[in-house]
Amino acid sequence: MTRNVYLLNGPNLNLLGKREPEIYGSTTLSDVETNSATLAQELGLTLTALQSNHEGQLVDWIHDARDNAAAIVINPGAYTHTSIAILDALSAFEGPVIEVHISNVHTREAFRHHSYVSQRADGIIVGCGVQGYDLALRRVAGMLD
Ligand code: DQA
């Protein structure tokens, strides 16, 4: 619990590496989760990696994190731009929260420019590709030290 990190990915990120590779690259979610677990170990963290296409499931996992995680790294996918429920759940979590977006949402459609989650996030990593997950874990490790 003290050094466990929940790595949460939202809708359509199960298709990472297969959907719109020109935007999201060719690395799969499975690769991201494996690499993140390896990096977490190097940083003295443990990792619980979860993905769902369902808003309520993500909310439930964020509630679980209250008892099981010291920090959350989350890419909420399209729920970033719509979900007050995910914002509220994150607001009920006391540890560090880092928001990750693989693409640079600010150079894309206007509806991607607003994030509800950013209101709660302690840090936001945007447009760094899947390396953003590594950067987020490094930041979390620093915050927990
Ligand atoms: C995303 C950006 C969102 O706008 C989009 O809906 C996604 C992925 C990203 O990682 O760049 O599904 O969160």
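I count a polar contact as a pair of N or O atoms within 3.5 Å; within protein, one atom must be able to donate a hydrogen and the other to accept it, and residues adjacent in sequence count only if both atoms are side-chain atoms. The model is predicted, so I take local features only at pLDDT of at least 70 and side-chain atom pairs only at pLDDT 80 or more, while totals for chains, interfaces and linings use all residues. Residues are numbered from 1 along each chain as its sequence is written, and side-chain values use heavy atoms, with hydrogens and water left out.

A polar backbone atom of A78 lies 3.2 Å from a ligand oxygen. For I102, a polar backbone atom is 2.8 Å from a ligand oxygen. Taken alone, the ligand exposes 320 Å², and the protein buries 98% of that. Those areas come from the Shrake-Rupley method with a 1.4 Å probe; for residues, only the protein chains shown count as cover.

**Entry: T80**

I found T80 in the loop between β3 (71-75) and α4 (84-91). Helices (H or I, at least four residues) and strands (E, at least two) are DSSP runs, numbered from the N terminus. T80 is buried, at a relative accessible area of 0%. My cut-offs are under 20% for buried, over 50% for exposed and partly exposed in between (1.4 Å probe, protein chains only). A polar side-chain atom of T80 sits 2.5 Å from the backbone oxygen of G77. Beyond four places in sequence, T80 touches E99, H101, H114, S115, Y116 and V117; contact means heavy atoms within 4.5 Å.

**Entry: L8**

L8 belongs to strand β1. I note 0% relative accessibility, so L8 counts as buried. Leaving out neighbours within four places, L8 contacts L50, W61, I62, I72, V73, I74 and N75.

**Entry: helix α2**

I listed the buried residues of α2: L29, V32, S36, L39 and A40. Seen down the helix axis they fall within an arc of 100°, so they line one face. The arc is taken from the directions from the axis to the C-beta atoms. Cover for these residues includes β1 (4-9), β2 (46-51) and α5 (131-144). The face turned away from the buried side carries exposed Q41 and E42. Just after α2, G44 has a positive phi of about 75°.
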